[in-house]
Amino acid sequence: YDEYPDINRPPKYQWLLLQIPCPEKTTARQIVDRSVIRKRPFIHTTTLPSDLSLLMTNLGKVDNNSTVLDPFCGSGSLLLTCAMLGAKTIGSDIDTELLSSTPRKLFTKPTPSRPKRGTEEVCIYDSFRELNVLEPILLAGFDIQQNDAVKKLRKANENKYYDAII
């Protein structure tokens with residue numbers, strides 16, 4: 001919660017975080033702490049805070065047997081949280097630069113846990129690599145409005161259905 005200390009969240013919000021089925025010997029709080037924005041190498045202006053990402057993942061009932069699609073994945077916050085729970089993740093976004101595997105400098109303010117932020121070159125996969133979780137399958141430049149969008153999304157998952165679309 002200290003990512004945005006000015007936001008006052010009700011007690012029910014904390015209760016929801018405790019209800020998430022986490023991998024063995026891991027708590028929801030640990031997942032949030034490990035993936036907090038100020039620690040991640042790859043973020044963007046629309047990066048979802050880790051606690052909200054975990055709540056959305058919980059609403060999707062994601063677990064280690066899930067295959068999850070985020071059709072508007074942006075910088076991958078939801079994908080990262082799902083991967084931390086052991087899920088296979090597939091993300092798409094129309095922004096090809098955002099989903100590029102080519103490292104680049106992100107002009108974001110440094111934080112105590114990332115003092116070189118803004119000068120280090122990173123890509124979307126770096127957040128997954130640092131947390132040692134399965135990297136997502138990414139569909140860069142994917143336009144959800146294409147006539148064959150569903151066919152392409154199914155193909156990305158070997159023509160299987162998804163367990164959750166978040």
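From the N terminus on, the elements run α-α-α-β-α-β-β-β-α-β-α-β, which comes to six helices and six strands, where helices (H or I, at least four residues) and strands (E, at least two) are DSSP runs numbered from the N terminus. This is a predicted model, in which local features need pLDDT of at least 70 and side-chain atom pairs count only at pLDDT 80 or more, while totals for chains, interfaces and linings use all residues. Residues are numbered from 1 along each chain as its sequence is written, and side-chain values use heavy atoms, with hydrogens and water left out.

**The whole protein**

Begin with everything shown as a surface: the accessible surface comes to about 9,500 Å², of which 54% belongs to carbon and sulfur atoms, as computed by the Shrake-Rupley method with a 1.4 Å probe, with only the protein chains shown counting as cover for residues. Of the 166 residues, 46% are buried, a word that here stands for under 20% relative accessible area, with exposed meaning over 50% and partly exposed in between (1.4 Å probe, protein chains only). Among contacts with a separation of 6 or more, 59% are between residues 24 or more positions apart, a contact being heavy atoms within 4.5 Å.

**Strand β1 and its partners**

Next select β1, residues 67-70, where T67 and L69 on one side and V68 and D70 on the other are all buried, leaving both faces covered. In a regular strand the side chains alternate between the two faces of the sheet. Strands are paired here if DSSP finds at least two bridges between them, and β1 is joined to β2 by four bridges, the two running parallel. Within that pairing, V68 has T89 as its bridge partner, and L69 has I90. Two further bridges join β1, again in parallel, to strand β6 (residues 164-165), where A164 stands opposite V68.

**Strand β2**

Moving to β2, residues 88-93, you will find that five of its six residues are buried, so the strand is largely enclosed by the rest of the structure. Four bridges also join β2 to β5, which runs parallel to it, and I90 stands opposite I137 of that strand.

**Helix α4**

Now select the helix that belongs with these strands, for β1, α4 and β2 make a right-handed β-α-β unit, meaning that, with the strands pointing away from the viewer, the path from the first strand over the helix to the second runs clockwise. Eight of the eight residues of α4 (residues 77-84) are buried, so this helix is largely enclosed by the rest of the structure. Its buried residues pack against α2 (28-34), α3 (50-59), β1, β2, α5 (125-130) and β5 (137-140). Just after α4, G86 takes a positive phi of about 95°.

**T57 and the cysteines**

A polar atom of the T57 side chain lies 2.8 Å from the backbone oxygen of S53. Leaving aside residues up to four places away in sequence, T57 touches V62, L78, T81, C82, L85 and I166.

The structure holds zero disulfides, a disulfide being a pair of cysteine sulfur atoms within 2.5 Å.

Technical notes:
Polar contact = N/O pair within 3.5 Å; in protein donor to acceptor, adjacent residues only side chain to side chain.
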